[in-house]
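Q: I have a model open and would like to talk through its architecture. Could we begin with the overall picture and then move to details?

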Amino acid sequence: MPLDLRYPDGKVVSHPDGTTGREVAQSIGPGLARAAVAVEIDGHLRDLDLPISESGDFSVITLDSDHGLDILRHSSAHVLAQAVLDLYPGSTFAIGPPIEDGFYYDFEVSEPFTPDDLDRIEQRMAEIISEDQPFVRVAMSRDEALEAFSDHKFKVEIIENVDPSEVSGGEEVTAYRNNGFVDLCRGPHLPSTGRIPTVKLLRTSGAYWRGDENREQLQRIYGTAWQSNKDLEAYLQRLEEAEKRDHRRLGPELDLYSFPAELGSGLAVWHPKGGQLRKIIEDHSRAVHERYGFDFVFSPHLAKSELWKTSGHLDFYAESMYPGMELDNDQEYRVKPMNCPFHVLIYKSQGRSYRDLPMRLGELGGVYRYEMSGVVHGLLRARGFTQDDSHTFCTEDQLEGELHLHLDFVLKWLKDFGFTDFEADLSTKPEEKYVGEDARWEVSEKYLQQALDAVGVPYRIAEGEGAFYGPKIDMHVRDAIGRRWQCSTIQLDFNLPERFGLEYTAAGNVGERPYMIHCAKAGSLERFIGVLVEHYAGAFPMWLSPVQVSIVPVADRHEEYADAVAGRLRDAGLRAEVDLSSETVGDKIRRALTHKHPAVIVVGDDDVANSTVGLRLYGEDTDTRGVPLIEATNQLVESSKPPSA
RNA sequence: GCCGGAGUAGCUCAGUGGUAGAGCAAUCGCCUCGUAAGUGAUAGGCCAGGGGUUCGACUCCCCUCUCCGGCUCCA
């Protein structure tokens, strides 16, 4: 029976049964056949030289596509493993998948790899690639595979874990062979090693087998592969760009904050300019919270351990908490890792009626979490940080509206900071560890989903990834160079109302349990500011910039006028600085630009005579001379307006 | 917490067992200048901290702290 293959353009073409993908590509065009690395039939990727035996939607995969790059990187990982097993007798290999922008492979070796090892391995890979070894697909039974890989314990474990019921037609597993090297693999692969245009090893690290910290720690090598050197260069440049934006570098450079070693890991101090930035953000946070009907509350940094016992934190969260301190009469106190129990106590401070609800309590609450020493990462993962936290107590009837309001708030907040690309995770009930009745989970998940649908944010369902106390929405943003960051979170909580016995009196004069919504809009202010620094590459929009205008007098005799200009700008509410150093104009401008000040004003003889300024805006190479001071002030005031609350 | 790498002036980095170096920044002069680095001088260091080896340690070894790349975890 002939094969009927439907090409991407919709044309259906018949081929004899058993035609290979390469032959089909050849029949379409020799250029395509040369570029082809695999084919796709009804959504299944297949090796180029495998005979095709079923009809369906057909397309040729080239290195232009994501699938093509995945295959390239997967094959590169094989070559990496081949090189390592060659060079390090006695080593064995675990898994080596393609990942975003590259691939890795995990090995067990007697000595961890060094940077020199990477060079050696890369050289060996280059040899394998230049030998153009064909990748040959080998099908074998499970028993044969167990035999073939008997020297490689991780492969054996993988084969043993293949569910026989999932493998149709007699427990077949596949492997790929090139030269003497065989790796267990579903495929497909490039036709041969010579089809790898460019590959580069990047770094090594430790990695637990199966991601389980109780199991063997393997040595991982990360690499990247592209269809051309140009693409590789572009990728390396992207990495460099990301490095330039690193908030750990830019923060101290712009004098925003620092991490003095004397304080300890994960603890930052905010310098005056960073403090200014933070204050602007906090003020905006308060204004928007009030606009959305939140009341501000305050709570202390410590509380008796008894409180954390009641809240469940000592049962579920103790390993992230700092140890207790014994105070009067052996009373133990704990530093807070979260603000929720305090807000619960505020709710509980008096009897509540349905008329009091919804009750929305907000706080910029400083919390401390004992993070494992290896995970601390600048402001993005600190041990002390401030949450723009809130807890909303409401009835079931109000739940839908409240979730919508919170989601609206979160999106408004993120948009205010220039984020436009959002993706949410909707995390649902965990399989085992959870509290609360199923009915509450169902209704909450439903409302969370409805809220997401209503505002039209793309989301994926993270099955079973909810907190033990309730389902949640985590909002991610994409920054200016496409990286994804988690900021906001909206979480339902069935646990605390239960544990603290929260009630309100319903219309029928009966006690009901309120629902509780935790919400952080920025998440942690520290992390959020870290993300902003990277997003804006330190060049903040004017409303956020700690210094908005740098004023540069051309010569000493213009300093008085420069001061007068600064005074006028400050009167208009702008943050302006005069550069009084005895440097050249060029040098002073350079300083303002390297500090990423949004506007530079230069004043000289003409300006003194005519009440004008020279104006230059960040990001523009040109300047405008002779702008009347009033006009410049108005223009700057206009462009430094903060978003409305 | 685990695996690997690193810590020298405020910053970026040289310095392979024999008294510590550069550029930028800083300070003080000179220059008075119209859009990305004018010029001279000065000052600045318990070479992360502690222990050890050695006649002698920034250099070699051990421990601790901090940072970096990952794993695990997470706002």
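**Contacts, cores and salt bridges**

A: Among contacts in chain A between residues at least 6 apart in sequence, 68% join residues at least 24 apart. Please bear in mind that this is a predicted model.

Q: How many helices and strands does chain A have?

A: Chain A contains 21 helices and 33 strands. Its C-alpha atoms fill a box of roughly 85 × 75 × 55 Å along the principal axes.

Q: And what percentage of the residues is buried?

A: Of the 645 residues in chain A, 50% are buried. The chain exposes about 30,300 Å², with carbon and sulfur atoms supplying 46% of that area.

Q: Which residues have the most contacts inside the largest nonpolar core?

A: They are Leu 414, Phe 417 and Met 475, in a core of 56 residues. Elements that give two or more residues to this core include helix 10 (272-291), helix 14 (396-416), strand 22 (422-427) and strand 24 (472-478). Helix 14 supplies the largest share, eight residues.

Q: What does Met 475 touch, leaving out residues up to four places away in sequence?

A: Its partners include Leu 407, Val 410, Leu 411 and Leu 414, and also Phe 422, Trp 485 and Cys 487.

Q: Val 199 interests me. How far is Leu 232 from Val 199 in space?

A: The C-alpha atoms of Leu 232 and Val 199 are 8.2 Å apart, while the two residues are separated by 33 places in sequence. Leu 232 belongs to helix 8 (residues 229-245) and counts as buried, at 7% relative accessibility. Beyond its neighbours within four places in sequence, Leu 232 is in contact with Thr 198, Lys 200, Thr 224 and Trp 226.

Q: Are strands 22 and 24 parallel or antiparallel?

A: Strand 22 and strand 24 run antiparallel and are joined by six bridges. Glu 423 stands opposite His 476 in strand 24.

Q: How many salt bridges does the structure hold?

A: There are 43. One of them joins the side chains of Glu 526 and Arg 278, at 2.9 Å from N to O. Because Glu 526 is in helix 17 and Arg 278 is in helix 10, this pair ties together parts that are 248 residues apart in sequence.

Q: Is Glu 526 buried or exposed?

A: Glu 526 is buried, with a relative accessible area of 5%. Arg 278 also counts as buried, at 13% relative accessibility.

Q: Which residues are linked in a network of salt bridges?

A: The network links Glu 108, Lys 153, Glu 157, Arg 210, Arg 215 and Glu 216. Arg 210 also has a positive phi of about 60°, although it is not a glycine. It sits in the loop between strand 12 and strand 13 (217-226) and is partly exposed, with a relative accessible area of 44%.

Q: What is the phi of Asn 179?

A: Asn 179 has a positive phi, near 50°. Its place is the loop between strand 10 (172-178) and strand 11, and the residue is exposed, at 54% relative accessible area. Most residues other than glycine have a negative phi, and most peptide bonds are trans.

Technical notes
Residues numbered from 1 in each chain as written. Chains lettered and ligands numbered in written order. Predicted model: local features only at pLDDT ≥ 70, side-chain atom pairs only at ≥ 80, totals over all residues. Heavy atoms only, no water. Core = buried A, V, L, I, M, F, W, Y, C linked by side-chain atoms within 4.5 Å. Buried < 20%, exposed > 50% of the residue type's maximum accessible area, 1.4 Å probe, protein only. Helix = DSSP H or I, 4+ residues; strand = E, 2+ residues; numbered from the N terminus. Contact = heavy atoms within 4.5 Å. Pairing = 2+ DSSP bridges. Areas by Shrake-Rupley, 256 points an atom, 1.4 Å probe, with all protein chains shown as cover. Salt bridge = Lys/Arg side-chain N within 4 Å of Asp/Glu carboxyl O.
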